[in-house]
Amino acid sequence: MSEFPLSGSAIRPGKIIAVHLNYRSRAEQRGRTPAQPSYFFKPSSSLAVSGSELERPAGTELLAFEGEIALIIGRPTRRVAPEEGWAAVEAVTAANDFGLYDLRAADRGSNVRSKGGDGFTPLGPGLIPVAEIDPASLRIRTWVDGRLVQEATTEELLFPFGRLVADLSQLMTLEPGDIILTGTPAGSTVVEPGQTVEVEVDAPSAPGAPSSGRLVTRITQGTLTFGDFGAKPSIDETQRAEAYGTPAADGPSLTQEVRAQLATVTTATLSSQLRKRGLDNVSIDGLTSTKPGTKLVGTAKTLRYLPNREDLFASHGGGYNAQKRAIDAVGEGEVVVIEARGERGSGTVGDVLALRAQVRGAAGIVTDGGVRDIAAVASLDIPTYHGGAHPAVLGRRHVPWEADVAIACGGATVLPGDVIVGDDDGLVVIPIALVAEVAAAAIEQEREEEYVAEQVAAGEKIDGLFPMNEAWTERYRAWREQQ
């Protein structure tokens with residue numbers, strides 16, 4: 001195994017392991033906050049030194065940088081506790097986790113080609129020994145053509161470094177020289193040929209303010225196109241938005257704060273608030289939850305089935321079909337919402353795919369069709385809302401056709417990214433543009449209803465109280481001020 005030079009030292013990376021989401025700002029930008037860390041591998045051949053050039057392949061346009069803090073493992077580490085994990089780290093340095101969003105569809109979640117190309121993991125230029133620093137006081141900064149575009153500290157981490165080391169060491173031995181890329185904050189975006197990206201990690205509050213120095217990468221334009229013997233680059237609006245980092249800046253998203261607010265209010269209240277805004281047809285009707293008493297909140301990952309036709313099932317039903325691709329691509333906090341036309345005469349999801357959705361971090365599954373293996377699906381932690389149990393396989397009634405499109409489920413239109421909220425009363429669909437407003441209004445409505453219930457319990461009449469007239473409204477305001 002070859003050694004990789006860093007400021008006079010050398011490391012021998014057997015593994016490069018990267019974390020998907022680990023900064024609050026990035027999670028809010030993505031509209032999902034993971035409950036647990038998740039990872040992918042990068043090949044050691046993707047490493048590059050400071051001052052290298054990185055070629056954007058011909059025929060692509062969405063090459064994005066991600067400034068990150070890299071942990072260098074210093075000793076064999078297996079099955080350590082989170083409080084022991086940091087002791088396994090010998091040094092930290094700057095890294096840039098470049099990704100080519102044009103190839104994400106080809107990877108289907110693995111990131112092998114989209115993030116594994118030669119030079120896609122610049123590292124360095126210097127090491128910061130961990131003896132000199134507090135892991136909670138590190139800073140990461142990124143510049144593009146001299147303009148600061150990313151800045152964050154490790155106080156913003158969702159999962160501290162020791163926890164990452166401990167989690168990974170549960171299943172694999174971390175060896176000296178292994179590298180862990182610990183996630184990027186908000187600010188990642190697309191860069192063009194001719195631009196220069198610089199990343200620096202430092203500890204400004206530590207004695208001597210140790211720094212990695214600036215990791216410099218210049219982007220160049222490739223001339224060789226992709227051959228016909230592999231997947232070609234492709235782009236959709238979702239990949240373009242994620243590459244440019246636009247969801248938080250240019251459009252609303254389901255933030256962690258709003259998600260928490262929605263978890264405290266009922267779908268009955270949310271339905272009332274949506275009705276006040278002219279939206280009556282936003283309930284997904286006729287479904288039963290496998291987890292009564294469990295609240296469902298998440299953004300929609302849509303999947304559409306067509307009525308079965310033998311020739312179409314032959315071309316679209318087997319192999320790595322749209323159903324399997326959608327489940328494999330579901331993100332943290334998303335809800336798989338399936339259009340099955342209310343057809344309950346076969347299963348639309350079963351135990352293995354439901355388990356895969358849970359492992360991927362899905363918040364739940366919603367289908368207006370049937371579910372196979374209902375006992376196993378019901379035993380999972382995530383709720384599945386369904387039209388009924390059925391033993392038959394998908395192909396009896398359905399062709400898995402496409403994902404990430406507008407669908408109809410249980411009588412409601414659902415767009416990708418709509419917010420789905422479910423409880424024992426049922427399911428509602430909230431347009432993402434209204435979600436923050438509706439959540440805040442629902443909380444206030446339930447406060448008012450709490451007050452009304454207290455008055456009714458004390459013997460007050462309904463007339464004038466529910467809904468409150470002007471006199472009762474004034475009393476309510478006075479009550480609120482005392483709370």
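Here is a short chat about a predicted model.

Student: What makes T142 and Q150 a polar contact?

Tutor: The pair of N or O atoms has to be within 3.5 Å. The side chains of T142 and Q150 are 2.8 Å apart at that contact, so the pair qualifies. Q150 is also on the list of residues that T142 touches, which includes F65, R147 and V197.

Student: How do you know that the span of α14 is close to the one expected?

Tutor: Helix α14 covers residues 470-482 and has 13 residues.

Student: Which residues of α14 are buried, and why do they line one face of the helix?

Tutor: W472, Y476 and W479 are the buried ones. Looking down the axis of α14, the buried residues fall within an arc of 60°, so they line one face. In general, an α-helix has 3.6 residues a turn, so residues three or four places apart point the same way. The buried residues of α14 pack against α13 (435-457), while E470 and E481 are exposed on the face turned away from the buried side.

Student: What makes up the largest nonpolar core?

Tutor: That core has 34 residues, and I69, L71, V92 and V165 have the most contacts inside it. Helix α4 gives the most to this core, with 5 residues.

Technical notes
Residues numbered from 1 in each chain as written. Predicted model: local features only at pLDDT ≥ 70, side-chain atom pairs only at ≥ 80, totals over all residues. Heavy atoms only, no water. Helix = DSSP H or I, 4+ residues; strand = E, 2+ residues; numbered from the N terminus. Expected span 1.5 Å × (residues − 1). Buried < 20%, exposed > 50% of the residue type's maximum accessible area, 1.4 Å probe, protein only. Arc of directions from axis to C-beta. Contact = heavy atoms within 4.5 Å. Polar contact = N/O pair within 3.5 Å; in protein donor to acceptor, adjacent residues only side chain to side chain. Core = buried A, V, L, I, M, F, W, Y, C linked by side-chain atoms within 4.5 Å.
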